[in-house]
Amino acid sequence: MIDLQGSSTSGDASSREWNAAAYHAVSDPQFAWGLRVLDRVQLAGDENALDAGCGSGRLTKELASRIPAGSVVACDLSVNMARAAAHTLRGVRTTPVVCADLAALPFSSRAFDLIFSTATFHWIQDHDRLFAELRAALRDGGRMEAQCGGGPNLAVIHARAGALAAEPTFQACFSAWREPWRFATSEDTERRLLQAGFRSAHCWLEHAPTRFPDADRFRAFIEAVVLRPYLAKLSTADLRERFVDALVAQAKEDDPSFTLDYWRLNISAATI
């Protein structure tokens, strides 16, 4: 069952909605990063947890298996992702799925012992509001373990996409373009967490270049994940195909080819 809560404060539909089936199929890099974040979490097994930005529910299912006497609420802004998570979590005890904005959470104050999140916070522009909402949802003594894009994350492909968007063929489609992400630094994130009321915060950047074995798998990934906001602005299938073709061709010439220059911002914070 999916509970639809509240309204979005995180951009228009093109920036918040996902092709959940495509993401589920290509998101092995995010899943692998998320498992490493999950391994950082010391668990008693009875926590009430929030998966903040659950995506298609792959990591939510892993988290739930580690707290057999607790519960996990899976939360995502995308209706498509929430539906996919509900499918992934069928039969998993105490894992309700809520479709809601992390910057306007529908939960009562101090509802959770643990907030877990991966590959999500960079899609929210207002980190001050985000962290204030997450702090309010945590009980005293609660913890947050998270990871998102940070620092120079994906700078190369974003620069190439920006240059391509400025070309005459595509320019009109991007007249109202605004970047939908915030890739924060570790220093700024620590400061924001403490200002939001966390008592301790430790953040650090991790370089995670990710290479794909061939053009087809690189293309499938960037279409579903990296280029999603750009492609949502293009008015025809032909324009979308030409946009992706150009970026795949450039990536082929890189050394190593078909590599995305990922940087992960790790976040460990606590309320005591």
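Visitor: In which strand is valine 73 placed?

Guide: Helices (H or I, at least four residues) and strands (E, at least two) are DSSP runs, numbered from the N terminus. Valine 73 belongs to strand E3, which covers residues 71-76. The model is a predicted one, in which local features need pLDDT of at least 70, side-chain atom pairs count only at pLDDT 80 or more, and totals for chains, interfaces and linings use all residues. Residues are numbered from 1 along each chain as its sequence is written, and side-chain values use heavy atoms, with hydrogens and water left out.

Visitor: Is valine 73 buried or exposed?

Guide: Buried means under 20% relative accessible area, exposed over 50%, and partly exposed in between (1.4 Å probe, protein chains only). Valine 73 counts as buried because its relative accessibility is 13%.

Visitor: Which residues is valine 73 in contact with, leaving aside its neighbours within four places in sequence?

Guide: Contact means heavy atoms within 4.5 Å. The partners of valine 73 on that basis are Ala49, Leu50, Asp51, Pro96, Val98, Phe107 and Phe112. For aspartate 51, the separation from valine 73 is 22 residues in sequence and 6.1 Å in space, C-alpha to C-alpha.

Visitor: How many helices and strands are in the chain, and what is its radius of gyration?

Guide: The chain has eleven helices and ten strands. The radius of gyration is taken over C-alpha atoms, and the globule rule is 2.2 Å times the number of residues to the power 0.38. A compact globule of 272 residues would have a value near 19 Å, so the 18 Å of the chain agrees. The C-alpha trace spans about 55 × 40 × 35 Å along its principal axes. Of the 272 residues, 50% count as buried, and among contacts with a separation of 6 or more, 80% come from residues 24 or more positions apart.

Visitor: Which residues of helix H8 are buried?

Guide: In H8 (residues 186-195), they are Ser186, Thr189, Arg192 and Leu193. These lie on the same side of H8, because they cover an arc of only 125° around the axis. The arc is that of the directions from the helix axis to the C-beta atoms. The face turned away from the buried side carries the exposed residues Glu187 and Gln195.

Visitor: Which elements do the buried residues of H8 pack against?

Guide: They pack against helix H6 (127-137) and strands E6 (138-149), E7 (200-207) and E10 (263-270). Just after H8, glycine 197 adopts a positive phi of about 110°.

Visitor: Which residues other than glycine have a positive phi?

Guide: Threonine 94 is one of them, with phi of about 50°. The loop between helix H5 (79-88) and strand E4 (97-99) holds threonine 94, which is partly exposed at a relative accessible area of 33%. Alanine 119 is another, with phi near 55°. Alanine 119 sits in the loop between strand E5 (112-118) and H6, and its 17% relative accessibility is why it counts as buried.

Visitor: Where is the cis peptide bond that has an omega of about 5°?

Guide: This bond joins aspartate 255 and proline 256. Proline 256 is in the loop between helix H11 (237-252) and strand E9 (259-260).
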